[in-house]
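I am opening a notebook on a structure that is new to me.

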Amino acid sequence: MPLSSTPAVSAQSVRPAVFVGPLGVWVLMAVLAVANGVFRETVIIPRIGEYPGHVLSTLVLVTAILAVAGAYFTTTGTTYTDTELLLVGVGWTLLTVGFEFLVGAAEGTPVSVTLGQYDVFAGQVWILVPLTLLVAPYLFGSVLAK
């Protein structure tokens with residue numbers, strides 16, 4: 001058996017240390033999301049209206065998430081297992097949804113209003129953001145990396 005300075009990564013192993021980089025990436029995406037929200041409220045909605053503004057802002061945020069995730073996973077020196085990539089996506093999604101509900105609670109927004117943002121049957125498109133966060137790590141770290 002040859003000696004290697006790099007430990008072998010099995011398909012099912014999960015190494016806690018590999019989540020530090022993606023956590024920093026999530027913080028960057030959270031800052032971009034807040035900036036996007038400020039821009040939406042102060043510039044976009046006054047010019048094009050509430051609903052079109054939310055749709056445009058959501059699409060801008062999805063694009064930013066894909067750009068940041070793509071940049072990270074295509075340039076990182078860390079090799080991730082499929083399991084780790086899936087866990088990064090779940091983590092990013094849980095952090096984002098949790099942050100959204102926490103901010104809503106701090107602002108006094110009823111939970112029903114926050115939940116209403118996920119109602120695709122009412123024309124809400126916000127669900128695209130957590131779905132993008134969920135799949136982006138696997139997409140860029142595994143599917144497109146091959």
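**Entry 1: the whole chain.** I note at the outset that this is a predicted model, so that each value below is read as computed from that model. I counted the elements of the protein chain and found 5 helices and 0 strands, and reading from the N terminus on, I wrote the order down as α-α-α-α-α. I then looked up the extent of the C-alpha trace, which spans about 65 × 25 × 25 Å along its principal axes. Of the 146 residues in the protein chain, 30% count as buried. I also looked at contacts between residues at least 6 apart in sequence, and 72% of these join residues at least 24 apart.

**Entry 2: α2 against α5.** How do helix α2 and helix α5 pack, and at what angle? I find that α2, residues 50-75, and α5, residues 128-143, pack at an angle of about 20 degrees, with their axes 9 Å apart. Because angles under 35 degrees count as roughly parallel, α2 is roughly parallel to α5. The crossing of these two helices is right-handed. On the α2 side, the residues making the contact include Leu59, Val62, Leu66, Ala69 and Phe73, while on the α5 side they include Val129, Leu133, Ala136, Pro137 and Phe140. Sorting the contact of α2 with α5 by class, I get 13 nonpolar, 4 polar and no charged residues.

**Entry 3: α1 against α3.** I turned next to α1 and α3, whose axes come within 11 Å and cross at roughly 40 degrees. Is the crossing of α1 and α3 left-handed or right-handed? I noted it as right-handed. The contact is made by Pro22, Leu23, Val25, Trp26, Met29 and Val34 of α1, together with Val88, Trp92, Leu95, Thr96 and Phe99 of α3.

**Entry 4: α3 on its own.** I checked the length of helix α3, residues 82-107, against expectation: at 1.5 Å a residue its 26 residues should span 38 Å, and because its end C-alpha atoms are 38 Å apart, the two agree. Which residues of α3 are buried? My list is Glu84, Leu85, Val88, Gly89, Trp92, Thr93, Thr96, Glu100 and Gly104. In general, an α-helix has 3.6 residues a turn, so residues three or four places apart point the same way. What covers the buried residues of α3 includes α1, α2, α4 and α5. After α3 comes Gly108, for which I wrote down a positive phi, near 85 degrees.

Entry 5: I looked up Thr96, which is found in helix α3, and its relative accessibility is 14%, so Thr96 counts as buried. Which residues is Thr96 in contact with, leaving aside its neighbours within four places in sequence? I found Trp26, Trp126 and Leu133. Val103 also lies in helix α3, but its relative accessibility is 30%, so Val103 counts as partly exposed. Last, I looked up the separation of Val103 from Ser13, which is 90 residues away along the chain, and their C-alpha atoms are separated by 34 Å.

Methods. Residues are numbered from 1 along each chain as its sequence is written. This is a predicted model: local features need pLDDT of at least 70, side-chain atom pairs count only at pLDDT 80 or more; totals for chains, interfaces and linings use all residues. Side-chain values use heavy atoms; hydrogens and water are left out. Axes are lines fitted to C-alpha atoms, for helices over the stretch in contact, and angles run from 0 to 180 degrees between N-to-C directions. Helices (H or I, at least four residues) and strands (E, at least two) are DSSP runs, numbered from the N terminus. Angles under 35 degrees count as roughly parallel, over 145 as roughly antiparallel, 65 to 115 as roughly perpendicular and the rest as oblique. A crossing is left-handed if the near helix is turned anticlockwise from the far one by less than a right angle, and right-handed if clockwise. Contact means heavy atoms within 4.5 Å. Ala, Val, Leu, Ile, Met, Phe, Trp, Tyr, Cys and Pro count as nonpolar, Asp, Glu, Lys and Arg as charged, and the others, Gly among them, as polar. The expected span of a helix is 1.5 Å times one less than its number of residues. Buried means under 20% relative accessible area, exposed over 50%, partly exposed in between (1.4 Å probe, protein chains only).
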